[in-house]
Amino acid sequence: RSALHVPLEVGGESFKEQCCGTPKRVSFGDVEIRKYPVILGDHPNCEVGPPVTIDWEPFKAKSFQVEYYESKRGRRRTKDELQMGWIERKQLLRKGDDATDEEMRQAACEAQRIRSQREKTKKMLAFEFVHVPMESLNRKLKRFVNR
């Protein structure tokens, strides 16, 4: 049996593995939990109020062994529990002095504008089968006329 070797430029020395006969094992190191500041965002799926996101730099980080983390973490939250209402988002932004009311209003308006744009695009997709050939024909006609 031959060994399968991944070139170093693709995966490095740690990715070399034998293709047959070697039992596969997986292990994990520590779990790192990071907390990030919540800031004014730009996500268009936020239907009412200002969208929020997290900042790039965490303000707190803690490491735990996987077994300890799994024993203490509690149940997973549902999708509904992960969503925030617009009042809660506004209060979070006000609490952190991360955005003025005017900035929040502008972000909500921008999210609405992008949502409207996406809706128009979805409606126009039904006509894509006609639109693409018409554009191609238009380009060909322009080339022909400009000769």
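Reader: Which side chain meets the side chain of Lys122 in a salt bridge?

Author: This is a predicted model. A salt bridge needs a side-chain nitrogen of Lys or Arg within 4 Å of a carboxyl oxygen of Asp or Glu. Here the N to O distance is 3.3 Å. The partner of Lys122 is Glu119.

Reader: In which helix do Lys122 and Glu119 both lie?

Author: The two residues are 3 residues apart. That is about one turn of the helix. The helix covers residues 101–124 and is H5.

Reader: Is Lys122 buried or exposed?

Author: Exposed means over 50% relative accessible area. Lys122 has 54% relative accessibility, so Lys122 counts as exposed.

Reader: How many salt bridges does the count come to?

Author: Lys122 with Glu119 is a salt bridge. Another is Glu70 with Arg73, at 3.1 Å, N to O. By this rule the count comes to 7.

Reader: What do Glu70 and Arg73 count as in terms of accessibility?

Author: Glu70 has a relative accessible area of 44%, so Glu70 is partly exposed. Arg73 stands at 32% relative accessibility. Arg73 therefore also counts as partly exposed.

Reader: Where is Glu32 placed, and which side chain meets its side chain in a salt bridge?

Author: Glu32 has its place in strand E3. The salt bridge has an N to O distance of 2.7 Å. The partner of Glu32 is Arg34.

Reader: What do Glu32 and Arg34 count as in terms of accessibility?

Author: Glu32 is at 43% relative accessibility, so Glu32 counts as partly exposed. Arg34 is at 48%. Arg34 therefore counts as partly exposed.

Reader: Which residues does Glu32 touch, leaving out those up to four places away in sequence?

Author: Take Ser63. Glu32 and Ser63 are 31 residues apart in sequence. In space they are 4.3 Å apart, C-alpha to C-alpha. The residues that Glu32 touches are Ala61, Lys62 and Ser63.

Reader: Where is Arg89 found, and how far away is the nearest side chain of opposite charge?

Author: Arg89 is found in helix H4, residues 86–95. Arg89 is buried yet has no salt bridge. The nearest side chain of opposite charge is Glu88, at 7.6 Å.

Reader: Which residues is Arg89 in contact with, leaving aside its neighbours within four places in sequence?

Author: Contact means heavy atoms within 4.5 Å. For Arg89, the list is Cys46, Val48, Gly49, Pro50, Pro51, Val52 and Met84.

Reader: How much space lies in the largest pocket, and which residues are closest to its centre?

Author: About 690 Å³ of space lies in the largest pocket. Its lining has 19 residues. Closest to the centre are Val52, Ile54, Leu82, Gln83 and Met84.

Reader: Which element gives the most to the lining of the largest pocket?

Author: Strand E3 (31–35), strand E5 (52–54), helix H3 (79–82) and H4 each supply at least two residues. By class, the lining has 9 nonpolar, 4 polar and 6 charged residues. With 3 residues, the element that gives the most is E5.

Reader: Which helix gives the most to the lining of the second largest pocket?

Author: The second largest pocket has a volume of about 150 Å³. Ile33, Phe64, Tyr68, Tyr69, Lys72 and Arg73 line this pocket. By class, they are 4 nonpolar, no polar and 2 charged residues. The helix that gives the most, with 3 residues, is H2 (residues 66–72).

Reader: Where does Asp97 lie, and is Asp97 buried or exposed?

Author: Asp97 lies in the loop between H4 and H5. Asp97 and Ile39 are 58 residues apart in sequence and 9.2 Å apart in space, C-alpha to C-alpha. At 70% relative accessibility, Asp97 is over the 50% cut-off and so counts as exposed.

Reader: What pattern does the protein chain follow along the sequence?

Author: The chain has 6 helices and 6 strands. Buried residues make up 12% of its 147 residues. Read along the sequence, the pattern is β-α-β-β-β-β-β-α-α-α-α-α.

Terms used. Residues numbered from 1 in each chain as written. Predicted model: local features only at pLDDT ≥ 70, side-chain atom pairs only at ≥ 80, totals over all residues. Heavy atoms only, no water. Helix = DSSP H or I, 4+ residues; strand = E, 2+ residues; numbered from the N terminus. Buried < 20%, exposed > 50% of the residue type's maximum accessible area, 1.4 Å probe, protein only. Lys, Arg positive; Asp, Glu negative; His and termini not counted. 1 Å grid on protein atoms, 1.4 Å probe; cavity = no way out; pocket = protein on both sides within 12 Å on 5 of 7 lines; lining within 4 Å. Points joined across faces, edges and corners; volume = space filled by probe spheres on them. Nonpolar A, V, L, I, M, F, W, Y, C, P; charged D, E, K, R; others polar.
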